[in-house]
Amino acid sequence: MKWRFVLAGGLGLAAVFLVVAGGWIVSLPSGSSGGEAKPIPGPIPGEETRATVEALKPPKRARPVIAIVGINDGTEITDYLMPYGILRRADVADVVALSTQPGPMVLYPALKVEPQATIADFDRQHPEGADYVIVPAMVREDDPAALGWIRSQADKGAMIIGVCVGAKVVAATGLLDGRKATTHWYSLDAMLEEHPSIRHVADRRFLVDGRVATTTGISASMPMSLTLIEAIAGREKAQAVAAGLGVADWDARHDSGAFAFTRPFALTAIGNSLAFWSRETLGIELSQGVDEVSLALVADAWSRTYRSRVMTFAAGADAVESRAGIRIVPDQVNASASTMRVPGAPLARKPADALDETLKAIGERYRENTADFVAMQLEYRRRVTPR
């Protein structure tokens with residue numbers, strides 16, 4: 001008889017869980033799962049744009065030194081590689097990809113890279129400090145080595161730029177106290193709860209307040225990087241780089257209200273997570289000179305479907321050097337011919353087009369709700385091609 005009571009108790013708990021979960025889902029906003037095209041907010045006032053560019057002017061050198069820092073055991077792939085690739089192709093600054101410790105860097109949700117130096121190496125080479133420090137999202141926002149180094153760079157006069165949830169890392173240093181800031185929509189409430197003196201400004205993809213800048217979600221590092229190029233080398237240079245990325249404009253306009261934890265978003269996450277039997281691994285072949293910006297966007301997007309994971313492969317075990325000189329360590333060598341590759345040929349496209357092609361392929365493979373779900377996580381406004 002005892003097993004019957006155990007079974008009855010288990011079923012009762014399950015019923016209570018389903019009722020509570022169902023009530024929670026019903027309580028969520030019923031809007032779209034996110035990322036779809038909506039009316040574009042009006043342009044940013046010219047005076048505000050000029051002030052932002054002026055605030056980002058190089059603080060020390062005519063040719064600035066830009067350091068992108070991450071922790072070895074978990075730094076967000078696109079936050080780390082996109083600014084690096086964009087700024088390196090502009091060739092208006094000396095850009096270096098750093099880690100807090102020696103050894104390879106595990107990026108999430110995919111890829112492993114060899115950082116170009118550690119923070120200790122950088123300090124020996126540049127005792128006067130960087131002009132700019134870009135801080136991506138990290139799995140730990142309280143890493144003492146990262147926080148201490150970021151604070152030391154700020155003390156030396158560097159502009160600190162928190163990309164996406166990297167804003168929470170910057171906030172943990174105290175540099176955002178009393179300042180205007182933003183971050184990824186999902187982490188905003190937590191950041192403001194932990195640091196109540198921060199003044200959030202809605203409807204801006206990036207903000208500058210004093211010697212600190214922050215951005216919204218993952219995709220916002222592209223307009224932020226282009227604005228930084230404009231501040232360093234002028235509008236014409238930024239336009240040339242933007243054209244190579246497939247981007248027409250890069251101002252700070254943003255519709256914060258379009259990104260929220262909605263019922264469709266939650267249902268897609270739950271449904272895709274429960275479909276464990278149909279999860280798949282998709283391969284990306286690494287080749288010399290691969291565009292690290294397109295690679296990051298494609299790998300990031302496919303890794304956020306809750307239906308697929310991405311692994312990289314190459315002909316040999318050696319790291320493969322990207323277009324801008326960062327070395328990417330393949331996950332596998334000589335992957336089986338049966339390995340399913342990411343659909344299409346997104347790495348041959350300009351980065352913005354590669355992301356759009358990837359979201360389209362995700363929608364075709366796993367339905368449009370999953371493509372919107374991924375776009376929401378990237379805080380990306382999907383570009384719709386007219387039919």
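This is a predicted model: local features need pLDDT of at least 70, side-chain atom pairs count only at pLDDT 80 or more; totals for chains, interfaces and linings use all residues.
Residues are numbered from 1 along each chain as its sequence is written, and side-chain values use heavy atoms, with hydrogens and water left out.

The secondary structure of the chain comprises 13 helices and 17 strands, where helices (H or I, at least four residues) and strands (E, at least two) are DSSP runs numbered from the N terminus. Of the 387 residues in the chain, 52% are buried; here buried denotes under 20% relative accessible area, exposed over 50%, and partly exposed the range in between, as computed with a 1.4 Å probe on protein chains only. Among the contacts (heavy atoms within 4.5 Å) that link residues at least 6 apart in sequence, 74% join residues at least 24 apart.

An open sheet of 7 strands has the order 6-3-1-7-8-12-11 and mixed pairing, two strands being taken as paired if DSSP finds at least two bridges between them. Its edges are formed by strand 6 (117–118) and strand 11 (206–209), each of which pairs on one side only. Within this sheet, strand 8 (residues 159–162) and strand 12 (residues 212–215) pair in the parallel sense over 3 bridges, and Ile 160 stands opposite Val 212 of strand 12. Helix 8 (residues 221–233) lies across strand 1 (65–70), strand 7 (132–135), strand 8, strand 11 and strand 12, and runs at about 45° to strand 11; such angles, from 0 to 180 degrees, are taken between the N-to-C directions of axes, which are lines fitted to C-alpha atoms, for helices over the stretch in contact.

Strand 13 and strand 14 run parallel and are joined by 6 bridges, with Ile 284 having Thr 312 of strand 14 as its bridge partner.

In soluble globular proteins, nonpolar side chains tend to be buried together. A nonpolar core is defined here as a set of buried Ala, Val, Leu, Ile, Met, Phe, Trp, Tyr and Cys residues joined through side-chain atoms within 4.5 Å. The largest such core contains 79 residues, and the members that touch the most others are Ile 66, Tyr 80, Leu 111, Ile 161, Leu 226 and Trp 302. When neighbours within four places in sequence are set aside, Ile 161 is in contact with Tyr 132, Val 133, Ile 134, Val 135, Ala 213, Met 224 and Leu 228. Apart from this core lies another, of 29 residues, including Ala 146, Ala 158, Val 169 and Leu 188.

The structure holds 26 salt bridges, each being a side-chain nitrogen of Lys or Arg within 4 Å of a carboxyl oxygen of Asp or Glu. One of these joins Arg 304 to Glu 76, with the closest N and O atoms 2.9 Å apart. Arg 304 lies in the loop between helix 11 (292–302) and strand 14 (308–314), whereas Glu 76 lies in strand 2 (residues 75–76), so the pair ties together parts that are 228 residues apart in sequence. Both Arg 304 and Glu 76 are buried. Asp 300, in helix 11, is likewise buried, with a relative accessible area of 0%, and its side chain makes a polar contact with that of Arg 304 at 2.6 Å. A polar contact is a pair of N or O atoms within 3.5 Å; within protein, one atom must be able to donate a hydrogen and the other to accept it, and residues adjacent in sequence count only if both atoms are side-chain atoms. Not counting residues up to four places away in sequence, Asp 300 also touches Glu 76, Ile 77, Thr 78, Pro 109, Ile 218 and Leu 378.

Another salt bridge links Glu 368 and Arg 382, with the closest N and O atoms 2.9 Å apart. Glu 368 is partly exposed at 41% relative accessibility, whereas Arg 382 is buried at 14%.
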